[in-house]
Amino acid sequence: MGEYEAVIGLEVHAQLMTETKAFCTCPNRYGAPPNTLVCPVCLGMPGILPVLNRAMLEQAMKLALAVGATVHPRSKFDRKNYFYPDLPKGYQISQYDEPFSTGGSIELKVDGHRKSIRIRRIHLEEDAGKSMHQADGSTIVDMNRCGVPLVEIVSEPDMSTPAEARAYLNEIRRLVRWLDVCDGNMEEGSLRCDANVSVHRKGSEAFGIATEVKNMNSIRGVERALAYEIERQIGVVEGGGTITRQTLLWDETEEIARPMRRKESSDDYRYFPEPDLVEVVVPSEWAERISRDLVELPRARCMRFCQEYGLAEATAEVLAGERGVADYFEALAKESGDPRRAANWVQGDVLRILKERNCDIASFPVSVSDLAGLMNEVETARLSLSGAKKVLDRMIETGRSPESIIEQEGFAQTSDAREIEEVAREILAKFPSEVIKYKSGKKNLFGFFVGETMKATKGQANPKVASEILQRLLS
Ligand SMILES: [Zn+2]
């Protein structure tokens, strides 16, 4: 960016995981055959009367309270009027000048520095249908998404790099999943993000004119689109041009942002109060109860992991990356009685396996008690650490218990001194010049001999016994 600075604000839409839609009783479900989850209310037929889904407000309140926002005792719904084929009512029910929640913040850690991003407001609204553009140039529309409950989370323009925007989105995604209010799936559109971005010369007081970038369907996509748009705006300014206020659509495959339309201002939407819905009233006891029942939040949990289990902050952060993983780790720490080793197993092997198999912790096939059992086999020296990792892989492949794999597949570690000594002697005979170097002072070759002995026993020699034997043979 050189002598320029960027100013980035994000608007994130999150679909809430309620049973039914925002204002009718249609199921709120993704992936059903098109136009099967609809009724006169969400299709906007004449004479309909929407009724607010209590669960929608409750989930939205959880999110607002989790970011430290103020939940207002009274707010109202408004109609946002615009025409689009996927909006049969001709308006979207949203909240305009009296959102149910304002304020709050998200704490980020980007490239080692911490930053707090202020949240301007979180408001309730309903989703529109989905237009699908066909290869032949026609467009078909699926109304199943009409009326799906959304929260819109509007940040202040507090971010200044694409990396900060990525970190912010990661944090929002983690939080909505942690609170069980949204699955955070950007590919399926349950979490969506629009960005407002402008650039100005460093040191200049006035911000530049912002453009809006839409249509990014991954967190990486948001980062790339912002980098592209910042670069483009700097190019325009450098070339003596001016930035026009407009909306651009990000093209993921070509990695460019194309102008879509002049950006609407709020006047264009002719907002007015929704006459069919009463105002939203949140008695303080209700907000207090939700606040009290809130699960322990990621940051608090991370700090507790450091204090209670003596973990390094980086490790605690990885373990608290997802609530299911944090729960699994804590159960394993308790069951095994060894939190630090439990942390190593979860951070290393469990997360590696989840990534390889592209599954989440809920479908991780090894129970906490089986993994604790495996850790115990290492503790009692029946298995070497590397042997245990192989047994874990076999447990995943076969679904069998650690005991049966150790017994039937011969992973057990041997502490049989005679057997190990035989192998150690072979190794020393195989590397006579290394032995001479060792004896003439290159003591760091010792690890090499241990390693070779372990390799020759396929990792089954007890490394402690092997070291003792090699010490003796070499002295
Ligand atoms: Zn409906």
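1. Let's start inside. The largest nonpolar core holds 68 residues, and those with the most contacts inside it are L10, V12, M61, F100, I122 and Y168. A nonpolar core here is a set of buried Ala, Val, Leu, Ile, Met, Phe, Trp, Tyr and Cys residues joined through side-chain atoms within 4.5 Å. Buried means under 20% relative accessible area, exposed means over 50%, and partly exposed is in between (1.4 Å probe, protein chains only). Helix α3, residues 162-178, gives this core its largest share, 8 residues. Helices (H or I, at least four residues) and strands (E, at least two) are DSSP runs, numbered from the N terminus.

2. A word on how to read the numbers. This is a predicted model, where local features need pLDDT of at least 70 and side-chain atom pairs count only at pLDDT 80 or more, while totals for chains, interfaces and linings use all residues. Residues are numbered from 1 along each chain as its sequence is written, and side-chain values use heavy atoms, with hydrogens and water left out.

3. Leaving aside neighbours within four places in sequence, Y168 is in contact (heavy atoms within 4.5 Å) with L10, V12, I106, L108, I117, I119, I153, S155 and M159. There is also a second, separate core of 40 residues, which includes C306, Y328, F329 and M395.

4. Now the metal. Four cysteine SG atoms, from C24, C26, C39 and C42, coordinate the zinc ion at 2.3 to 2.4 Å. Donors are N, O and S atoms within 2.8 Å of the metal (3.2 Å for Na, K and Ca); water is not among the atoms, so sites may look incomplete. Along the chain, the zinc donors follow the spacing C-x1-C-x12-C-x2-C. The angles among the 4 donor atoms run from 100 to 115°, and the site is tetrahedral, a label that for four donors asks for all angles between 85 and 135 degrees. C24 counts as buried because its relative accessibility is 11%, and C26 is buried too, with a relative accessible area of 6%.

5. Stepping back to the whole chain: the protein has 16 helices and 17 strands. Its radius of gyration is 29 Å, well over the 23 Å that the globule rule gives for 475 residues, so the protein is more spread out than a compact globule. That radius is taken over C-alpha atoms, and the rule is 2.2 Å times the number of residues to the power 0.38. Taken along the principal axes, the C-alpha atoms fill a box of roughly 90 × 55 × 50 Å.

6. Surface and packing come next. Of the 475 residues, 47% are buried. Among contacts with a separation of 6 or more, 67% are between residues 24 or more positions apart.

7. Most residues other than glycine have a negative phi. N35, though, has a positive phi near 60°; N35 sits in the loop between β1 (4-15) and α1 (40-43) and is partly exposed at 36% relative accessibility. N215 has a positive phi of about 70°. N215 belongs to strand β13, residues 211-216, and counts as partly exposed at 47% relative accessibility.

8. C182 is found in the loop between α3 and β12 (191-201). With a relative accessible area of 1%, C182 is buried. Not counting residues up to four places away in sequence, C182 touches A14, Q15, M17, V176, R177, S190 and L191.

9. T315 lies in helix α7, residues 313-319, and is buried at a relative accessible area of 16%. Apart from residues up to four places away in sequence, T315 touches A343 and Q347. D251 is in strand β14, residues 246-251, and is buried with a relative accessible area of 17%. Beyond its neighbours within four places in sequence, D251 is in contact with I256 and R258.

Note on methods
Four donors count as tetrahedral if all angles lie between 85 and 135 degrees; four count as square planar and six as octahedral if opposite donors are over 155 degrees apart and all others between 65 and 115; anything else is irregular.
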